[in-house]
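Biologist: I am new to this structure. Please show it to me, and then I will ask how its terms are applied.

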Amino acid sequence: MQRSHIVRPAAMFWGLVVFMPVGVTYLSAILLMLTLLLAGGLRERYARLRANPLWWPVVAYLAWTFIVLAVRPHYPETPSNLFHGLRIAFTLLMAMALTREEALWTLRGFLLIAALNIVLIVLHYALGLPVPGALRGVVMEVGNKSISNALLFSIVAASAAVYGLSQITGHRPWRALAAFALVLGLGVVVALPLTSRTSVLALLLVIPVVCLHQWKNHLKALSAALILGAVVIGAGLYQLPQLQQKVETGIEELEKAQTGAVFHGSWIIRYYMYRDTGAMIADQPVAGWGIGGWTDQWHKRGPALFADSNMPHNDFLWMGAQSGIPGILSLLAIMLVAVWQAWRRPDIAGRYALAATLIALIASSVNSAMRDAQIGLAVLWIAMVYLRLAQESQDPDPWRGLWPTARQS
C-alpha cells in the first residue's frame, strides 16, 4: 500500500489527544481522514469496509438521514445536526477502515496518554501539581469534556478488569491484583473528582458482562467471580458517601419532577427531556420532525428554564425526534451489531471490545455520547478501534505487538 506509513502516526495522534479539548480531537480526525485519502490503497480499504458487519447498518443510517433531509422541514439547527450525524458515521467508518497495525498505533497512543493522565491525577491530588487549563477536565468536573474523560478512564478500567480476569485463569495472582487495584483506583477517579455517574454505571454493568463472557461455560467460576465482584463493588460504594449522596439527590429530583417542579438538576432535566422527546416521536413516528427538529420542538414543549439545551441526553431519542422510529433503529442497529460482534469473539480480544462497545452504548443511552463531539470524537472512536481489532478473525491474538520490542514491518 503506497505511502501507508503516514496513517500510523495520524491514527496514533487521534489516540493521544482524546483527553484534550474538542478542537484538538477535531484536528486529529481531519488529519486522519486526509492521510487515509493520501496514503493510497483505497480499494483495499473499501473492500475491508464492505466486508465489515457494520457496513450495512451504517449505510442504512446514512440513507435514512438523507431521505429525512429531503422530505422533512429544515430548521436553523439543521446544518449542525446533519454535520454531527455524518461525523458519527465517518468516525465509525474510519475506525473500520484501519489495518490491524494502524489500529494498534491508535491504542498505543490512547493507553500511553491514559497512563500519563493517571500519573497527573496522582501528582495533582497528592502534591498539588498545577494542571494546564487544557487538562483541567482530566482532574476535575468541567462539563461534558470531563464526562468524556471519565468514560475513557472507564474503558481503561474495564480493560484492566478484563486483563486481571485473564491473569486469574493464567494463575498469575500478582498481575491480577495489580489490574484490579487499577480498576478500583479509576473507579474512585470517575466517581469523585470527575463525578460521572454515567461512568460509574457503565463500570457496574460492564464488569459482570465480561465475567459472563469469560466464564459462560463455567458456572461455578462465574458465580464466584460475580459474588466477589459484588462484595468489592458494594464495599467501594459504601466508602464513597459523595456518590451515594448524588444518587439520593437524583432520586429526589425525579420525585419532584413528577409533581411538576422545575429547577436545575441532572436527573430532573433528563426527566423532562425524555418525556417530551418521547412525545415528539409519538407525534411523528415515521420520519420525525426533520433533521435539526428536536431543538425547535423542545422550545415549544420543554420548560423555559432548559431552553438552552440542544440535545436530549440520549442519542437514540435524538435520532427518533428528528428522523422517526427508523432513525432510532438505524442508530441502535449500529451499536447492537458492534456489541454482538465483540460478544461473538470468545477470547480476550472479544472481551476488550465487548467492554468498550458496551460503555459506548450505555453512554449513548443516558447521555449524548455520539451526538456531542466532546464525547463522540473520543469514546466512540476508541470503542470502535477496540472492535476493529476484535474483528481480525484470522488472527488468534490481534493485540499482539501492542508494545513492540522490535521494529514492526
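Modeller: Helix α9 (residues 173–191) and helix α10 (residues 197–215) have axes that come within 9 Å and cross at roughly 150°. This is a predicted model: local features need pLDDT of at least 70, side-chain atom pairs count only at pLDDT 80 or more, and totals for chains, interfaces and linings use all residues. Residues are numbered from 1 along each chain as its sequence is written, and side-chain values use heavy atoms, with hydrogens and water left out.

Biologist: Why is α9 called roughly antiparallel to α10?

Modeller: Angles over 145 degrees count as roughly antiparallel, under 35 as roughly parallel, 65 to 115 as roughly perpendicular and the rest as oblique. The axes cross at roughly 150°, so α9 is roughly antiparallel to α10.

Biologist: Why is Asn149 called buried?

Modeller: Buried means under 20% relative accessible area, exposed over 50%, and partly exposed in between (1.4 Å probe, protein chains only). Asn149 has a relative accessible area of 0%, so Asn149 is buried.

Biologist: Is Asp347 buried or partly exposed?

Modeller: Asp347 has a relative accessible area of 23%, so Asp347 is partly exposed. Arg345, at 10% relative accessibility, counts as buried.

How values were computed: Axes fitted to C-alpha atoms, helices over the stretch in contact; angles between N-to-C directions. Helix = DSSP H or I, 4+ residues; strand = E, 2+ residues; numbered from the N terminus.
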